[in-house]
Amino acid sequence: MRIPAHSVCTAIRDDIVAGVHERGGRLTEEVLARRYGVSRVPVREALRTLEAEGFVVTRRHAGACVAEPTEQEAADLLEMRVLLEPLGALRAAQRRTEAHLKVLRGLVRLGQERARRGSSEDLRSLGGWFHETLAQASGSHSLSSTLTQLRHKIAWMYTVDAPANPVESWAEHGAIVDAVARGDGERARVIASHHVERATAVHRLRASLGGGRVERVRNSQHAVNMPSLRH
């Protein structure tokens, strides 16, 4: 069975974000094909996609390598997120479907429940799903895919501390969904803007940027066709 290139791309990107493939490290097709249990063809296609996304660079005499973002590039990502996420909320208020609303309300309900219990690990996953669904509700594939790439890159470049007040954070999520449900785009934009600006305060640049100590991450191997992978 031929493994789709997008599945290989997801696997490599996840490992880059996790630090399994270190910044500046070479990414050889043969080694990656063995690691993920695929042929070199989907690996080659995945590397081209990851280069277009900015996770990989091609260097003379070295081939494909993990990119080495600068502190300025990292800072630009947060600024882009501050600008684009409120736009996504505004568009969601104009274009969302009932299916989007159902998922968003369910995530808010779960998030608020977990916040009251103090389940921080669950909250991280639920927050990611919430923002991904809100972006999809914008009805713009370009905006949604850009926001998804931003989230991946921010997770790669920053250590994100838990919000000081998760209950308040999820109350803001609920307020965004209420505005989206009413079709009040301006209200959704304003709340989302306030929310994302506060969220940036808990981002700390990873030590491996700016010449600091490289953060060590557990190097666990997995095959692309294992069900644990996200597709």
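Let's start where two helices meet: E29, E30, L32 and A33 in α2 touch R40, V43, R44 and L47 in α3, a contact being heavy atoms within 4.5 Å. Helices here are DSSP runs of H or I with at least four residues, and strands are runs of E with at least two, numbered from the N terminus. This is a predicted model, in which local features need pLDDT of at least 70 and side-chain atom pairs count only at pLDDT 80 or more, while totals for chains, interfaces and linings use all residues. Residues are numbered from 1 along each chain as its sequence is written, and side-chain values use heavy atoms, with hydrogens and water left out.

The axes of α2 and α3 come within 9 Å and cross at roughly 110°; axes are lines fitted to C-alpha atoms, for helices over the stretch in contact, and angles run from 0 to 180 degrees between N-to-C directions. That angle makes α2 roughly perpendicular to α3, a label for 65 to 115 degrees, with under 35 counting as roughly parallel, over 145 as roughly antiparallel and the rest as oblique.

Now follow the chain to another helix pair. Helix α5 (residues 98-117) packs against helix α6 (residues 120-136) at an angle of about 160°, their axes 10 Å apart, and the two are therefore roughly antiparallel. Among the α5 residues in this contact are H100, V103, L107 and V108, and the α6 side includes L123, L126, W129 and F130.

Leaving aside residues up to four places away in sequence, H173 touches V108, F130, H131 and H195. H173 is buried, with a relative accessible area of 3%; buried means under 20%, exposed over 50% and partly exposed in between, using a 1.4 Å probe and protein chains only.

What about the nonpolar cores? Each is a set of buried Ala, Val, Leu, Ile, Met, Phe, Trp, Tyr and Cys residues joined through side-chain atoms within 4.5 Å. The largest has 32 residues, and I12, V56 and W156 have the most contacts inside it. Elements giving two or more residues to this core include α1 (5-18), α2 (29-36), α3 (40-53) and α7 (141-157). At least three residues come from each of domain 1 (5-66) and domain 2 (71-205), with bounds taken from an automatic or database domain assignment. A second, separate core of 22 residues includes L107, V108, A179 and I191.
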